[in-house]
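Student: Could we go through this structure and ask what each term rests on?
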Amino acid sequence: MTKIAIFGVGLIGGSLALSFKSKPGVTVIGHSNNPASVEKYMKREVVDYATTSFDEAAEGADFIFLCGPVSSLEPYLEKLSKLTLKPGCIVTDVGSTKASVSACAERLNLGGAVFIGGHPMAGKEKSGVEAATSHLFENAFYVLTPSEGTPQEAYDRLAELLEWTRAHLIKVEPKHHDEIVGAISHLPHIIAVALVNQVAKYNEADELYSDLAAGGFRDITRIASSDPIIWRDILINNKEVMLRLLQDWNREVASFVRLLETGDAEGIEREFASANRFRGSLPERRKGVIHSFYDIYVDVPDHPGIIGQITTLLGNHRVNLSNIQIIESREDIPGVLRLSFKEEHHMDKALELLKKDYAVHV
Ligand SMILES: NC(=O)C1=CN([C@@H]2O[C@H](COP(=O)(O)OP(=O)(O)OC[C@H]3O[C@@H](n4cnc5c(N)ncnc54)[C@H](O)[C@@H]3O)[C@@H](O)[C@H]2O)C=CC1
Ligand SMILES: O=C(O)C(=O)Cc1ccc(O)cc1
């Protein structure tokens, strides 16, 4: 029997637990300091067993996943270094930053255990075990940061286990990881939060801001609803990288200020054209670090009841629709309905169903 211990069964730890639980010959043990959480993990059947005892969870484990906030990772490694772990045990983490936790593991002596840093690059703005799903990492990148001293055999064993997440494994050096993820994930979170807070201040004087902000504004600021503790830890841990990135960001903003002040219309066009080109060149991956919804567009004649017909059809086939929006609807031209799905297979099923009666575009 392979024993997998998960410390911190929240969104990420819970999703890992759910993807491993389906594997034959595996027992998943969850750990929390909080007895109420332990009870919740068991009641929700996310793990096979849960305990508040650190030692009991770690004892005899073949794999240990540290899935708490970034500031908890190094203290947990220190605690593990004081125990006698099973020889060959693989200790890994899921933190969104990799440099400091990897350096800490290099400094510590884990006995016969091996540390390999990890970062499943998928998630969502919701947190807690309630938000965990077995398919969270499917089709996403999962970064591993083995060091030069990591035995290949240990890496292979972790890689084999992680196949159950159906993620794509990729090796990246820890500091390099923090630079890239700082730019593509951490900076967008800061920008989303700052943008929402800027509008919230305007809204204090005039509530029309929030009334009109419903559609696109909500979409591009979804990540501003991410967990404050998790993100406090990520940003503080990646402080040096973030300060450099924010200086660059200030330069980008200043350049827009100049373009507007000087009325440089061509310059503004150039900015949009170059962003459009780079964005268009990005690989068409289904799941990136900032996940998107799966959208399809349906041409619909503008007559009453059409939305009801479509949603009933999808509902009858248990297709989960996460959002619906009318892009344009005039009497003389067909309206366009945007349907968003959180899961690819729901989108595929909707395509199959709707194509029979409607013109559908992806
Ligand atoms: N939220 C996301 O989308 C992603 C998060 N991560 C990383 O995964 C880790 C966990 O994040 P989530 O699962 O989103 O958070 P979460 O809040 O859903 O779960 C965190 C878990 O850690 C426990 N915990 C809280 N404070 C703790 C402490 N001081 N010491 C030990 N355990 C503690 C909580 O009880 C909970 O079980 C973080 O390190 C985060 O950077 C990685 C990829 C995506
Ligand atoms: O909600 C989203 O789209 C995210 O950006 C999720 C996320 C959060 C933290 C990570 O380290 C990786 C992915």
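The talk below goes from the whole chain to its sheet and then to its ligand.

Tutor: This is a predicted model, in which local features need pLDDT of at least 70 and side-chain atom pairs count only at pLDDT 80 or more, while totals for chains, interfaces and linings use all residues. Residues are numbered from 1 along each chain as its sequence is written, and chains are lettered from A and ligands numbered from 1 in the order in which they are written.

Student: What makes a residue buried, and what percentage of the chain is buried?

Tutor: A buried residue has 20 or more other C-beta atoms within 10 Å of its own; with 12 or fewer it is exposed, and in between partly exposed, the C-beta atoms being placed from the backbone. Of the 362 residues, 31% are buried.

Student: Why are β3 and β8 called edge strands?

Tutor: The open sheet has eight strands in the order β3-β2-β1-β4-β5-β6-β7-β8, with mixed pairing. Strands β3 (49–51) and β8 (168–171) each pair on one side only, where pairing takes at least two DSSP bridges between two strands.

Student: How do you know that β5 and β6 pair?

Tutor: At least two bridges are required, and β5 (residues 90–93) and β6 (residues 114–120) have three, in the parallel sense. At one of the bridges, Val 91 is partnered by Phe 115 in β6.

Student: What does helix α1 touch?

Tutor: Helix α1 (residues 11–21) packs on the sheet, touching β1 (2–7), β2 (26–31), β4 (63–66) and β6. Contact requires C-beta atoms, placed from the backbone, within 7 Å.

Student: Which residues come nearest to ligand 1?

Tutor: Gly 8, Gly 10, Gly 68, Ser 72 and Gly 123 do, out of the 25 around ligand 1. A residue is near if its C-beta atom, placed from the backbone, lies within 6 Å. Helix α1 gives the largest share of this shell, three residues.

Student: Why is ligand 1 said to lie between two domains?

Tutor: Domain 1 (2–172) and domain 2 (177–281) both give residues to the shell around ligand 1, so the ligand lies between them. The domain bounds come from an automatic or database domain assignment.

Terms used. Helix = DSSP H or I, 4+ residues; strand = E, 2+ residues; numbered from the N terminus. Contact = placed C-beta atoms within 7 Å. Axes fitted to C-alpha atoms, helices over the stretch in contact; angles between N-to-C directions.
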